[in-house]
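Please read it alongside the sequence and the model.

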Amino acid sequence: MSEVKGVAQKGRFKLFLERRKPIIEDWKHTFYLWKSTTLAMVGTVIIFVFFGIAIFAPLLTSYDPIAQDLDNRLLPPSSQHLFGTDQYGRDVFSRVIYGSRVELWIIFIVSIISVGIGTLVGIIAGYFGGAVDEVLMRITDMFLAFPRLVLAMAFTASLGPNLTNTIIAISFVDWTVYARLARAEAIKVKSQPYIEAIRGLGAKNTRIMAFHVLPMSISPVIVQLTLRMGTIILTAAGLGFLGLGAQPPIPEWGAIVSDGRSYLVQQWWITTFPGLAIAIVVLGFNLLGDGIRDILDPRLRR
Amino acid sequence: MQTEVTTQYLIHVKHLKKYFPTKRGLFSSAKYVKAVDDVSFDIPKNSTFGVVGESGSGKTTLGRTILRLIEPTSGTIRYIETDINSLNSKELRIFRRKMQIVSQDPYNSLHPRKLVKNIIGEGLKIHFQLSSEEIYEKVKDILEQVGLREEHMFRYPHEFSGGQRQRIAVARALVLKPEFLVLDEPTSALDVSVQAVILKMLKDLKRDFSLTYLFITHDLAVIDYMADYVTVMYLGQIMEFGTKDDIFLAPAHPYTFLLLNSIPNPDPRIKKKKVIPMGEIPSPIDPPTGCRFHTRCPYARDICSNVEPEMKEVHKGHFVKCHFPLG
């Protein structure tokens with residue numbers, strides 16, 4: 001006991017760190033791998049810049065992204081308007097900057113909803129197996145049997161085209177991927193002896209699923225999520241372009257591209273800059289996703 | 001050891017059966033692997049009840065079925081007065097505190113992403129309302145009991161050797177203060193030198209915690225060291241049952257005799273007895289008719305292949321399932 005007290009006097013924080021040394025070492029190793037993977041670093045930088053722009057949008061531009069200024073329509077890029085102006089005289093730069101907030105919001109909500117539904121369905125199906133598995137997986141197959149964009153379009157068209165419904169529609173199309181992944185992992189994990197050992201201790205199914213199966217099944221889902229964030233943006237932009245997503249004057253990138261498409265030949269800047277923004281961010285997420293997959297791959301780790 | 005008259009029993013197993021259905025083809029009817037086929041025995045309190053048999057004899061299935069980790073096909077399992085089979089899932093979860101298992105494979109039986117503290121503390125969190133300090137103290141105490149130290153609490157399973165992992169698995173079971181522990185080949189994955197240390201520890205823990213063991217193994221030397229009673233299993237059935245001395249000194253079943261005969265003796269001066277070739281264990285899907293052992297038995301006669309022998313008592317407390325017991 002006296003020894004314990006002696007340790008306690010060293011300071012709780014120090015003790016905390018000491019005990020968690022293996023975890024900290026593990027994180028250090030992860031960070032090292034991260035640094036040594038060039039493409040993952042590039043992806044990380046792009047995503048950080050994207051986040052930064054979304055957070056500090058008002059500081060980066062002095063123009064209101066939705067205020068019309070019909071005297072200054074269709075101005076080419078200049079020092080006044082970096083990306084030029086559109087047919088209503090709105091500053092394209094400012095619209096692209098503020099658009100990052102819209103995209104970020106879409107990604108955030110879609111990730112939470114689709115990963116939530118997907119892992120829940122997948123883990124329940126995989127853990128219980130049998131009839132539960134069959135029913136849940138056939139429902140998943142029904143969703144998978146439709147082309148994604150068409151299904152998302154059908155959802156938004158029936159719910160009414162606006163940003164919230166776009167998010168709901170993309171989430172409902174996207175969850176199947178995570179459900180399949182989580183199910184495959186859950187099936188693998190549930191037959192492990194340590195899960196039976198925990199059952200032998202008297203744990204409830206819900207406890208086993210939440211605290212033991214879920215943490216072991218989540219990493220491929222996270223990797224897939226990062227890889228799919230690009231796709232989420234593309235789907236949102238696609239819906240926006242088709243007029244089914246965010247409604248004007250919300251500066252959603254796909255919608256901006258759509259706004260400028262009739263001016264594409266003469267006033268190329270209206271579509272080009274938001275298009276580039278989409279491309280760069282999608283690329284960034286894909287690089288990051290690939291990097292995370294490599295870093296988490298146990299065969300490459302040590 | 002208690003005398004015969006006052007022997008108290010902890011576990012009563014009656015006519016226990018566990019059949020696993022095999023994959024059914026489109027045109028064939030379902031077949032069953034008879035892993036445990038009509039097994040009955042009683043385990044005396046505070047004893048070590050050994051179960052030996054070759055791989056495929058159903059001993060692991062037996063251990064897991066008694067704890068209802070797999071549902072039995074039929075038969076009853078009683079724990080003193082409680083019928084374990086009739087417990088509903090909630091009652092069973094609560095009851096699990098009293099009976100724990102230590103499995104064969106220490107490399108896969110511990111959650112790879114959890115700290116030892118949480119692996120051992122899990123059962124406490126499930127069964128008791130304790131503060132994290134209380135859990136910490138209990139985990140620390142039990143770790144010391146199994147020969148590990150406080151600092152091991154904050155490590156992951158992969159940082160330990162096989163023997164240490166098996167100690168952690170034992171600690172996880174014992175922290176709940178169970179009365180009955182199934183040890184399913186707890187040392188078969190360990191080095192021989194580590195085996196001895198773990199077996200010694202298990203013996204000491206049995207005394208300190210007044211435990212009852214069901215000790216499953218294929219290693220007769222281990223059974224000789226650990227067990228008070230020995231059950232010999234073959235193709236899902238009990239062939240012979242008795243005290244350790246009955247089995248080792250006066251085996252009555254030809255199978256037991258052959259098993260004992262197959263132990264290599266390190267003394268070169270002892271003349272090797274004639275070794276009788278035994279062949280492979282038959283499939284438990286279509287076990288032989290009559291006595292299950294007749295296909296490999298050197299003493300088999302006509303009756304053995306047709307009539308299943310009854311369990312008979314050759315002398316007090318020593319049972320054998322054979323038409324022509326030895327000795």
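Two residues are in contact if their C-beta atoms, placed from the backbone, lie within 7 Å. By that criterion, residues 24 or more positions apart account for 66% of the contacts in chain B with a separation of 6 or more. The model is predicted, so local features need pLDDT of at least 70 and side-chain atom pairs count only at pLDDT 80 or more, while totals for chains, interfaces and linings use all residues. Residues are numbered from 1 along each chain as its sequence is written, and chains are lettered from A and ligands numbered from 1 in the order in which they are written.

**Overall form of chain B**

- Chain B contains 10 helices and 12 strands; helices (H or I, at least four residues) and strands (E, at least two) are DSSP runs numbered from the N terminus.
- Along the principal axes, the C-alpha atoms of chain B fill a box of roughly 70 × 60 × 45 Å.
- Of the 327 residues in chain B, 40% are buried. A residue is buried if 20 or more other C-beta atoms lie within 10 Å of its own, exposed if 12 or fewer, and partly exposed in between, with C-beta atoms placed from the backbone.

**The open sheet of chain B**

- Four strands form an open sheet in the order β2-β1-β4-β5 (chain B), with antiparallel pairing; two strands pair if DSSP finds at least two bridges between them.
- β2 (32-44) and β5 (82-83) of chain B are the edge strands, each with a single partner, so one side of each has no neighbour in the sheet.
- Strands β1 (residues 9-21) and β4 (residues 74-79) of chain B run antiparallel and are joined by five bridges.
- Within this pairing, B:Val13 stands opposite B:Ile77, and B:His12 has B:Arg78 as its bridge partner.
- B:Arg78 also has a bridge partner in β5(B), namely B:Asp83; β4(B) and β5(B) run antiparallel, joined by two bridges.
- The hairpin of β4(B) and β5(B) has two residues between the strands, and B:Ile80 there takes a positive phi near 50°.

**A parallel pair**

- β6 (residues 99-102) of chain B has both faces covered: B:Met99 and B:Ile101 on one side, and B:Gln100 and B:Val102 on the other, are all buried.
- Four bridges pair β6(B) with β7 (residues 180-184) of chain B in the parallel sense, and B:Ile101 has B:Val182 as its bridge partner.

**Nonpolar core**

- A nonpolar core is a set of buried Ala, Val, Leu, Ile, Met, Phe, Trp, Tyr and Cys residues joined through C-beta atoms within 7 Å.
- In the largest such core, of 139 residues, B:Ala171, B:Leu183, B:Leu214 and B:Phe215 touch the most other members.
- Helix α6 (residues 92-128) of chain A gives this core its largest share, 14 residues.
- Leaving out residues up to four places away in sequence, B:Ala171 touches B:Ile120, B:Ile142, B:Leu143 and B:Val146.

**Interface of chains A and B**

- 18 residues of chain A are in contact with 23 residues of chain B.
- On the chain A side, α10 (193-201) and α11 (205-241) are the elements that give two or more residues, and α10(A) gives the largest share, eight residues.
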